[in-house]
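We will go from the whole chain to single side chains.

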Amino acid sequence: YSISEQKSFIEGSEYNLEDDLLHEVHHLDKSDEENEIKKQNNRTTDDLSFSINELGCLKIIQGVETYISSEFTDDAFKKIIKILKNEDPENPFGKLYLHKIEFFKNHLIPIFQTQQNNKELFFKALIVANFLTENISTNCVSQNPKMYLKIIEHHFTIKEYFTDKKLIDLLIKELSECVKKESSVRTKYEDDSIELIVSLFKNIISLKVNSKLSEELQFKMLKNYMSQGSVFDAFIYLSQGFDKKTKRYSVLLLEAIASIIIQFDNSSISGSFDEETTIQKMKQIEKQRIVERRYNNMSTRHSRFGSMIEIKDKSGFKGFISNPKLLKNIQISGNVKTTVINKMFKPVSNIKFKKIGIENLSILNLKSKIKPPYELCKLLKSFYIDFLDHSINNLLTTVFNELTSISADSVFDYDTSIDFFSLLSFGIEMAILLEKQDKKCGWLYTCLQLSFLDLFYRLLIEQLSKKISEINFKLLSQLLLYFKNIFEAIK
């Protein structure tokens with residue numbers, strides 16, 4: 001007898017041959033699928049190994065390290081790009097293989113450092129760098145978690161490379177050479193290079209790394225990004241004006257700036273930057289918070305009468321905690337028995353709550369935002385004010401036009417709309433925080449444009465009309481935050 005037949009005899013149930021066959025077929029299909037994935041990974045390994053062998057290498061010429069390309073280098077890069085472009089997002093084995101052999105360190109960085117004159121090779125290196133620094137698909141997280149964690153570890157290493165200011169300066173130099181020309185006379189290579197370099201910087205900022213040192217690494221990298229004439233200055237410059245040719249960068253710039261904004265607690269950035277005053281103020285706030293928490297949870301009855309404890313919170317709400325052991329054989333207000341009181345305050349246990357998947361809860365970003373160190377605070381404040389004063393109006397208007405000018409056949413870009421409303425919320429929040437410093441916040445009018453409010457209302461109604469399982473919770477949370485900040489601004 002088969003296992004299913006034996007089980008049915010033991011349980012006294014009728015054996016179902018059809019179910020048994022379906023189970024075996026499913027098991028065979030799964031094993032066939034796994035074998036096919038292994039074969040595909042082996043083919044990817046062979047193809048990448050062959051292509052990498054045709055690339056150049058570092059050589060020392062007259063005491064200087066130089067990347068020497070071969071006659072097959074261009075074709076080899078084309079093959080690598082094709083493999084990375086066509087691989088399954090659920091199984092990014094090609095990226096993992098290139099990370100394992102330290103392709104970024106051994107090939108891409110040397111090309112950036114020594115091959116600025118070889119524009120075609122530099123351009124292909126930028127394409128591969130973008131593939132290796134993009135965040136992994138959420139499908140890979142659920143379907144192949146081990147591979148996801150391995151790639152995350154390699155992302156941490158790549159972030160460390162960008163703490164080297166020399167590497168950043170080399171890419172900025174290439175970017176400035178392309179940008180200094182008028183958009184009407186730029187070649188396709190120069191336009192594409194601008195897009196790739198901005199995309200690479202955006203990827204590095206938003207890379208997710210699984211490490212305790214990630215905050216410190218992010219701070220160190222952002223300090224280099226914010227140095228004079230570096231990455232953030234380039235973002236502000238590119239955001240100040242768009243035409244038909246340059247509007248293609250607008251969404252990338254929006255994503256890059258939004259990925260910085262959502263990481264930090266802006267209230268700590270907008271205040272005074274006198275270090276001693278800030279430290280003293282933080283200590284006073286912490287002490288006050290501890291005292292308030294103690295008083296809010298303090299009983300209003302003496303411990304001698306512990307039969308019922310009345311607790312008041314800050315809002316004035318009163319709650320009662322009854323202890324059956326203490327209330328035994330005690331009567332309150334004459335003939336009123338304690339059992340009645342217990343029944344009055346007995347928690348309701350028959351209420352059913354609809355469960356929401358953990359993947360929906362995790363994207364609400366419930367964790368507290370990072371409070372940046374003192375030096376980074378000064379740099380962030382300078383960047384924020386420059387961006388808000390000179391660039392936010394043009395950037396938001398251009399992205400809004402891109403979002404709303406889609407054709408009937410195309411799909412609405414919800415990811416971009418999330419970043420769009422996070423930037424709107426940020427603009428209002430900063431205007432409220434800086435209003436106390438008597439700073440004119442002209443960008444507030446941009447954030448409250450009627451056309452933006454119309455888009456907000458349409459998306460809010462759309463999300464609230466859906467079933468819970470279909471709601472984009474990340475978008476909904478940004479819409480509600482924008483709504484809240486509007487009322488704060490009015491107040």
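A residue counts as buried when its relative accessible area is under 20%. By that cut-off, buried residues make up 40% of the 491 residues in the protein chain. Keep in mind that this is a predicted model.

**Whole chain.** Show the cartoon. The protein chain has 24 helices and six strands. The accessible surface comes to about 30200 Å², and 54% of it belongs to carbon and sulfur atoms. Now think about contacts between residues at least 6 apart in sequence: 70% of them join residues at least 24 apart.

**The core.** Select F162 and F420. These two have the most contacts inside the largest nonpolar core, which has 106 residues. Which helix gives the most to this core? Select residues 414–434: this is helix α21, and ten of its residues belong to the core. Another core, of eight residues, lies apart from the largest one. To find it, select L96, Y148, I151 and I152, which are among its members.

**Two helices.** Select α13 (residues 250–261) and α20 (residues 392–404). They pack at an angle of about 120 degrees, with axes 9 Å apart. That angle is why α13 counts as oblique to α20. The crossing of α13 past α20 is left-handed.

Definitions and conventions. Residues numbered from 1 in each chain as written. Predicted model: local features only at pLDDT ≥ 70, side-chain atom pairs only at ≥ 80, totals over all residues. Heavy atoms only, no water. Core = buried A, V, L, I, M, F, W, Y, C linked by side-chain atoms within 4.5 Å. Buried < 20%, exposed > 50% of the residue type's maximum accessible area, 1.4 Å probe, protein only. Helix = DSSP H or I, 4+ residues; strand = E, 2+ residues; numbered from the N terminus. Contact = heavy atoms within 4.5 Å. Areas by Shrake-Rupley, 256 points an atom, 1.4 Å probe, with all protein chains shown as cover. Axes fitted to C-alpha atoms, helices over the stretch in contact; angles between N-to-C directions. Parallel < 35°, antiparallel > 145°, perpendicular 65-115°, else oblique. Left-handed = near helix turned anticlockwise from the far one by under 90°.
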